[in-house]
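This report covers strand pairing and salt bridges in the structure shown below.

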Amino acid sequence: MEPTVQDAPDASRYEIRDGDRLLGHADYQRDGSTFVFTHTEVDQDTGKSGLGSTLVKAALDDVRAKGGSVVPQCSFVRGWIGKHEEYADLLAGSES
């Protein structure tokens, strides 16, 4: 089964799951349409690589679809955006 990513707004995080199994999460604090990503964590014992990137890409795609912006306090999210310039426009305060 391919891992899926979904927003879990009640928990203030995006979750990556394999069926019912939680593989990781990207925590955020929301201020209106701005998502402040504070922490990202994935289970290193899954035997799957790239889960963090899959999680962050899907989360940022969802923020974009919602018309939101991002403040990447989490070093993983900040580094991921730095390597994927096509997501830099999501940074809060950036010019589109």
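**Strand pairing**

Strand β2 (residues 13-18) and strand β3 (residues 21-31) run antiparallel and are joined by 6 bridges. Two strands count as paired if DSSP finds at least two bridges between them; strands (E, at least two residues) and helices (H or I, at least four) are DSSP runs numbered from the N terminus. Ile16 stands opposite Gly24 in β3. The hairpin of β2 and β3 has 2 residues between the strands, and Gly19 in the turn has a positive phi of about 65°.

Between β3 and strand β4 (residues 34-42), also antiparallel, there are 8 bridges. Arg30 has Phe35 in β4 as its bridge partner. Here too a hairpin is formed with 2 residues between the strands, and Gly32 in the turn has a positive phi of about 65°.

**Basis of the model**

The model is predicted: local features need pLDDT of at least 70 and side-chain atom pairs pLDDT 80 or more, while totals for chains, interfaces and linings use all residues. Residues are numbered from 1 along each chain as its sequence is written, and side-chain values use heavy atoms, leaving out hydrogens and water.

**Salt bridges**

The count is 7 salt bridges, each a side-chain nitrogen of Lys or Arg within 4 Å of a carboxyl oxygen of Asp or Glu. Arg17 and Glu15 form one of them (3.2 Å, N to O). Glu15 is buried at 12% relative accessible area (buried is under 20%, exposed over 50%, partly exposed in between, with a 1.4 Å probe and protein chains only).

Asp89 and Arg64 form a salt bridge, with their closest N and O atoms 2.7 Å apart. Asp89 lies in the segment after α2 (75-83) and Arg64 in helix α1 (residues 51-65), so the pair ties together parts 25 residues apart in sequence.
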